Amino acid sequence: MRLLESQLRCSIEAEDWEGALDAAQKLEQPYCAAYPEVWPAIAIHYATMAKLWMLEEESERAADYAKLAIRMLQVTHGDSSFVVKQAERTLWEAMQGPCG
């Protein structure tokens with residue numbers, strides 16, 4: 001997991017969205033196996049995946065992950081937290097579709 005987490009961080013820093021998304025997808029199953037069903041790390045990971053899908057212009061997938069992230073983040077961070085607002089913004093952008 002640590003190697004994939006490093007790959008994810010490095011890909012994001014290099015603005016390699018495809019590489020970041022690849023690492024994020026590979027991390028999803030290990031995260032779900034390692035953590036409880038609702039856990040901050042998983043919620044943040046889903047929010048990250050939503051944003052990455054937006055950057056890859058896959059708005060439907062972005063919306064799906066944003067919804068997952070929002071539900072978990074509301075539990076782990078509270079309804080009015082900054083991270084919830086960011087995930088809601090990503091969902092809003094995804095709902096606008098590829099043409100805005």
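This is a predicted model: local features need pLDDT of at least 70, side-chain atom pairs count only at pLDDT 80 or more; totals for chains, interfaces and linings use all residues.
Colleague: What makes helix 4 and helix 5 roughly antiparallel?
Modeller: Helix 4 and helix 5 pack at an angle of about 160°. Angles over 145 degrees count as roughly antiparallel. Helix 4 is therefore roughly antiparallel to helix 5. Their axes lie 8 Å apart. The crossing is left-handed.

Colleague: Which residues make that contact?
Modeller: From helix 4, they include Ala62, Ala66, Ala69, Ile70 and Leu73. From helix 5, they include Val83, Val84, Ala87 and Leu91. The residues of this contact divide into 12 nonpolar, three polar and two charged.

Colleague: Why are helix 2 and helix 3 called roughly antiparallel?
Modeller: Their axes cross at roughly 150°. The cut-off is over 145 degrees. Helix 2 and helix 3 are therefore roughly antiparallel to each other. Their axes come within 10 Å. This crossing, too, is left-handed.

Colleague: What residues meet there?
Modeller: Helix 2 brings Trp17, Leu21, Leu27 and Tyr31, among others. Helix 3 brings residues including Ile42, Tyr46, Met49, Leu52 and Trp53. The residues of the contact of helix 2 with helix 3 divide into 14 nonpolar, two polar and one charged.

Colleague: Which residues of the largest nonpolar core touch the most other members?
Modeller: Leu8, Tyr46, Leu52, Trp53, Tyr65, Ala69 and Leu73 do. This core has 28 residues. Helix 2 (17-34), helix 3 (40-55), helix 4 (59-77) and helix 5 (82-96) each supply at least two of its residues. Helix 3 gives the most, with nine residues.

Colleague: What makes such a set a nonpolar core?
Modeller: Its members are buried residues of listed types, such as Leu, Tyr, Trp and Ala, joined through side-chain atoms within 4.5 Å. In soluble globular proteins, nonpolar side chains tend to be buried together.

Colleague: What does Leu73 touch?
Modeller: Leaving out residues up to four places away in sequence, Leu73 touches Ala43, Ile44, Ala47, Gly78, Val83, Val84 and Ala87.

Colleague: Where is Thr90, and what does it touch?
Modeller: Thr90 sits in helix 5. Not counting residues up to four places away in sequence, Thr90 touches Ala50, Lys51 and Met54.

Technical notes. Residues are numbered from 1 along each chain as its sequence is written. Side-chain values use heavy atoms; hydrogens and water are left out. Buried means under 20% relative accessible area, exposed over 50%, partly exposed in between (1.4 Å probe, protein chains only). Helices (H or I, at least four residues) and strands (E, at least two) are DSSP runs, numbered from the N terminus. Contact means heavy atoms within 4.5 Å. Axes are lines fitted to C-alpha atoms, for helices over the stretch in contact, and angles run from 0 to 180 degrees between N-to-C directions. Angles under 35 degrees count as roughly parallel, over 145 as roughly antiparallel, 65 to 115 as roughly perpendicular and the rest as oblique. A crossing is left-handed if the near helix is turned anticlockwise from the far one by less than a right angle, and right-handed if clockwise. Ala, Val, Leu, Ile, Met, Phe, Trp, Tyr, Cys and Pro count as nonpolar, Asp, Glu, Lys and Arg as charged, and the others, Gly among them, as polar.
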